[in-house]
Amino acid sequence: MRRSRFVWSQRFRLPVECRVLPAAGLLLAAAALAPFQAAAQAPRGLGADSPLESGVGQSAADRVHDAIHVVYGFGNTFQVDTPDGRVIVDTSGVQRAARARELLDAVSNRPVRYVILTHGHGDHTGGLGAWVEPGTEIVAQAGFAEFLHYQARLAGFFGRRNAAQFGLPVPPERPWAGNFGATVPATILFEKEHAFALGGLEFQLLHTPGETPDHLTVWLPQYKAAFIGDNYYESFPNMYTLRGTRPRWALEYVAAIDSVLALGPEILLPSHGRPIHGNAAITTALTRYRDAILHVHDAVVAGMNAGKDVFTLMREIRLPAELDVGEGYGNLIWSIRGIYEGYAGWFDGNPSTMYDEPPAAVYPEAVSLAGGPDTISARAAVLLAEGQPVRALHLADMALAADAGHRGALEVRIAALEALRARSVNSNERGWLDHGIRSARQRLASAGD
Ligand SMILES: [Zn+2]
């Protein structure tokens, strides 16, 4: 078949073409995740709190519009069919790509003329190899190159963090690629806007940074369809990711959403979750999302200007009920801290934190003064029983700083992590709690009896 294996280093050189168009009109990560289970049923797991399950079980592409179909996944793959060939928007991760292609080929077997990547995260770019044919143009925003370099520059760091968060084996160490070592598979890069037509259909691409600096939106004016990528999904945005990210600017999300609202879309196609139909429903959803982000941003800024510390703001700031967009993927407290530290960096104004010895440096001494790790672990168990699992975790950390294999401290640590997991509604939080539980159990096993 025409399905070509994509070889990053051979088939593409660095941007073959870089066009900066004059004004013309107008979200690794994860790659390797849940195994695809074929079954003749509706796709499941489209909720934001179970992203790895997205689309598992989908047996046929979903029709969004006569010319637009979607295969759900982590993330979604969209196909726009025209008389002169197909345009693909996002390619999901590598594991889901062959299946997405199979389901979309069943809708149209015309050549793949363009692949548009909304941004450089692996759950959007990983499946590229399944789609590239001779002559296929790969379109991304100009910041895509630096974003791929950033991910490659920190590949060892992100590899460990992703392995922890998603319960995967730590990838083998590879030689450092250097600061600019990524291969950039785009054939067309643009700065602010880019437009092309295929088969009588106009495609307008806008730079809309938010989830990432290189994020773009695809607008089909004839169908009033906006592909919004990861700048909208069914959860508060993951404005700070626990696997590590540089700041994602709240006001950029706001501007990105405003620019999509201004288009007047009748179809909104997010790269995670289901499309939304009808301008009224889209306007309601996007306005609420934007206002939720702005509410949190402005509350953080007001708190910073009033001299409040970040932890106070993490406890104080809440969304009013009408702006509660859910926290199944992104989370309010991490975003509050992300905004605060995105603006101010890590220093909290206390001179004792300026130096290279953290509070944990004195944990063993404090444990000894308190009577030893048994006493501290016992108190942690009491706090846990009283419904204070985070404080119990901190005390367990202190005991473990004094005795890394302390059985009671490891047991209370596991119990506290399990209590937090039982009440969690957030997939990223659950990933890290599971990692903590696995690690503590391993330490407990190697501590022996
Ligand atoms: Zn994504």
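Mentor: Angles under 35 degrees count as roughly parallel, over 145 as roughly antiparallel, 65 to 115 as roughly perpendicular and the rest as oblique. Axes are lines fitted to C-alpha atoms, for helices over the stretch in contact, and angles run from 0 to 180 degrees between N-to-C directions. The model before us is predicted, so that its local features need pLDDT of at least 70, side-chain atom pairs count only at pLDDT 80 or more, and totals for chains, interfaces and linings use all residues. Residues are numbered from 1 along each chain as its sequence is written.

Trainee: What is the average pLDDT of the chain?

Mentor: The average is 89, and 88% of the residues score at least 70. The score is the predictor's confidence in each residue, from 0 to 100.

Trainee: Where does pLDDT stay under 50?

Mentor: Residues 1-45 stay under 50, although the model has 108 contacts beyond four places in sequence for them. Two residues are in contact if their C-beta atoms, placed from the backbone, lie within 7 Å. Where pLDDT is low, the predicted coordinates should not be read in detail.

Trainee: How many helices and strands does the chain have?

Mentor: The chain has 14 helices and 14 strands. Both are DSSP runs numbered from the N terminus: helices are H or I with at least four residues, strands E with at least two.

Trainee: Why are α5 and α14 called roughly perpendicular?

Mentor: Helix α5 (residues 155-166) packs against helix α14 (residues 427-447) at an angle of about 95°, and their axes are 6 Å apart. The pair is therefore roughly perpendicular. On the α5 side the contact is made by Ala164, Gln165 and Phe166; on the α14 side, by Asn428, Gly431, Trp432 and His435.

Trainee: What makes α10 roughly perpendicular to α12?

Mentor: Helix α10 (residues 363-370) and helix α12 (residues 389-402) also pack at an angle of about 95°, with axes 8 Å apart. That value makes α10 roughly perpendicular to α12. The α10 residues in this contact are Tyr363, Pro364, Ala366, Val367 and Ser368, and those of α12 are Met398, Ala399, Ala401 and Ala402.

Trainee: How do you know that β9 and β10 pair, and in which sense?

Mentor: Two strands pair if DSSP finds at least two bridges between them. Strand β9 (residues 193-198) and strand β10 (residues 201-207) have six bridges, in the antiparallel sense. One of the bridge partners is Leu201 in β10, which faces Leu198. The two strands form a hairpin with two residues between them, and Gly199 in the turn has a positive phi of about 55°.

Trainee: Over how many bridges do β10 and β11 pair?

Mentor: There are four bridges between β10 and strand β11 (residues 216-220), again in the antiparallel sense. Here Leu205 stands opposite Val218 in β11.

Trainee: In what order do the six strands of the open sheet stand?

Mentor: The order is β9-β10-β11-β12-β13-β14, with mixed pairing. Because β9 and β14 (276-277) each have a single partner strand, they stand at the edges, and one side of each lacks a neighbour in the sheet. Strand β13 (residues 267-270) pairs with β14 over two bridges, in the antiparallel sense. Within that pair, Leu268 stands opposite Ile276 in β14. Helix α6 (residues 250-263) packs on the sheet and touches β10, β11 and β12 (225-229); its direction makes about 170° with that of β12.

Trainee: Why does Arg174 count as exposed?

Mentor: A residue is buried if 20 or more other C-beta atoms lie within 10 Å of its own, exposed if 12 or fewer, and partly exposed in between; C-beta atoms are placed from the backbone. Arg174 has 9 C-beta neighbours inside 10 Å, so it counts as exposed. Its place is in the loop between α5 and β8 (188-190).

Trainee: What makes Asp90 count as buried?

Mentor: Asp90 counts as buried because it has 31 C-beta neighbours inside 10 Å. Asp90 lies in the loop between β5 (85-89) and α2 (94-105). Its phi is near 70°, a positive value in a residue other than glycine.

Trainee: Why does Ser92 count as buried?

Mentor: Ser92 has 30 C-beta neighbours inside 10 Å, and therefore counts as buried. Ser92 is in the loop between β5 and α2, and its phi, near 60°, is positive in a residue other than glycine. Over the whole chain of 449 residues, 43% count as buried.

Trainee: How do you know that the peptide bond between Phe74 and Gly75 is cis?

Mentor: Omega of that bond is about 0°. Gly75 is found in the loop between β3 (68-71) and β4 (77-82). Most peptide bonds are trans.
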